[in-house]
Amino acid sequence: MRRYELIVPCHFGCEAVLKREITDLGYDVTKVEDGRVTFDGDEEAVCRANIFLRSAERVLIRIGSFHAESFEELFEGTKKLPWEEYIEKDGRFWVAKAASVRSRLFSPSDIQSIMKKAMVERLKETYEVKWFPETGNSYPLRVFIHKDEVTVGLDTTGDSLHKRGYRKLTAKAPIAENLAAALILLTPWNGGRILADPFCGSGTIPIEAALMAANAAPGMNRSFTAEDWPHIVAKKNWYEAIDEANDLADFTVKTDIQGYDIDDEMVKIARENARLAGVDHMIHFQRRPVAEFSHSGKYGFIITNPPYGERLEEKEKLSGLYREIGERFKELDTWSMYLITSYEDAQKAIGRKADKNRKIYNGMMKTYFYQFMGPKPPKRG
């Protein structure tokens with residue numbers, strides 16, 4: 001079985017969560033950088049990483065790395081890579097994304113076009129053809145250039161891993177599924193504890209929590225680009241990984257997970273998304289404004305993504321909204337609250353300084369994950 005170096009990008013600030021997930025799958029992490037984690041694995045690891053990792057964005061096979069300060073060096077470095085080991089004669093190949101940080105080469109479109117030309121040159125010589133029909137399987141590539149060091153990865157995933165397949169309908173500013181999962185994994189919550197999201201929107205945080213409680217792999221109901229590459233990852237590895245996911249999932253577990261929203265339409269959307277994820281029976285959704293949020297249970301968790309006030313008219317109402325959050329949380333004296341927001345005065349309005357806060361980039365937006373810790377529940381004798 002072939003071995004690969006696998007590069008797994010994630011949201012900036014979620015690297016520790018992703019590292020833990022990869023280690024829990026049984027693989028050795030070799031490198032942790034801003035926004036990505038690298039590990040060694042075989043063909044089976046490609047499948048298991050795509051199917052089981054909750055906080056990842058995609059899984060790339062590292063084709064190679066080289067130094068380039070000019071477009072000529074970029075061309076030559078790309079041409080030296082063994083593309084014929086990966087791309088078939090009729091394969092469709094392109095640089096889907098190029099990212100450059102603190103490097104002399106910084107124009108994504110130029111990087112993409114020069115690398116494509118270099119790949120064509122190499123493959124023309126290898127396959128002894130003058131042109132490529134590109135009518136076969138897809139081979140998208142991703143390129144990172146950091147301090148003039150070029151790293152090239154073949155994208156085994158296709159559509160980003162946050163696309164689990166269940167979210168057909170969304171709110172106007174939905175949180176990505178992999179970020180929602182990472183936030184939950186940054187807390188001590190487990191399926192036996194209460195979880196409530198008073199700003200559930202399209203239901204992403206409660207649904208991700210329910211999938212965790214059911215031990216359901218996030219990628220078990222979707223497809224991946226590398227399924228069409230039997231010369232890179234043998235088909236049996238995909239079947240075995242899906243069988244493993246099906247064996248582990250248990251949708252009969254009892255949970256106390258709730259999602260609330262002020263918008264009736266959002267609550268309907270959340271219910272439908274939960275149904276598509278197969279966890280609608282595990283979550284209670286209800287229309288309820290945050291001012292009316294309460295719970296009789298002890299030692300619960302609020303994990304939520306409240307409005308950030310991106311528009312001016314919303315910004316003016318934010319202080320009052322976050323004050324209400326603080327008032328409701330104060331009533332729940334044994335609870336913990338975990339809240340992601342870009343609102344700078346969140347702690348002031350809530351009326352309490354967070355015990356911890358972590359900087360996380362939600363796309364290009366800098367946000368803070370505020371962590372207000374409640375007491376630990378007593379140990380059961």
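Predicted model: local features only at pLDDT ≥ 70, side-chain atom pairs only at ≥ 80, totals over all residues.

Is F93 buried or exposed? I looked up F93 and found a relative accessible area of 0%, so F93 is buried (under 20% is buried, over 50% exposed, in between partly exposed, with a 1.4 Å probe and protein chains only).

Residues are numbered from 1 along each chain as its sequence is written, and side-chain values use heavy atoms, with hydrogens and water left out.

**Rings**

I found 12 aromatic pairs in the structure. Rings of Phe, Tyr and Trp (its six-membered ring) pair if their centres lie within 6.5 Å; planes under 30 degrees apart are stacked, over 60 edge-to-face, the rest tilted. I checked F93 with F132: the centres are 5.8 Å apart and the planes sit at 85°, so this pair is edge-to-face. F93 is in strand 5 (residues 92-101) and F132 is in the loop between helix 4 (108-127) and strand 6 (138-146), so the pair ties together parts 39 residues apart in sequence. Helices (H or I, at least four residues) and strands (E, at least two) are DSSP runs, numbered from the N terminus. F132 counts as buried too, at 10% relative accessibility.

I also looked for charges over rings (NZ of Lys or CZ of Arg within 6 Å of the ring centre and within 35 degrees of the ring normal). K116 lies over the face of F93, 4.1 Å from the ring centre. R36 does this over F144, at 4.1 Å from the ring centre. Elsewhere, Y260, F293 and W335 make up one aromatic cluster.

Strand 5 is an edge strand, as is strand 2 (29-33), each pairing on one side only. They belong to an open sheet of 7 strands, order 2-3-1-4-7-6-5, with mixed pairing. Two strands pair if DSSP finds at least two bridges between them; strands 5 and 6 have 9, in the parallel sense. I traced V95 to its bridge partner in strand 6, which is L141.

**Core**

The largest nonpolar core has 98 residues, and V152 and W189 touch the most other members. Such a core is a set of buried Ala, Val, Leu, Ile, Met, Phe, Trp, Tyr and Cys residues joined through side-chain atoms within 4.5 Å. Helix 6 (residues 204-213) gives the most to this core, with 7 residues.
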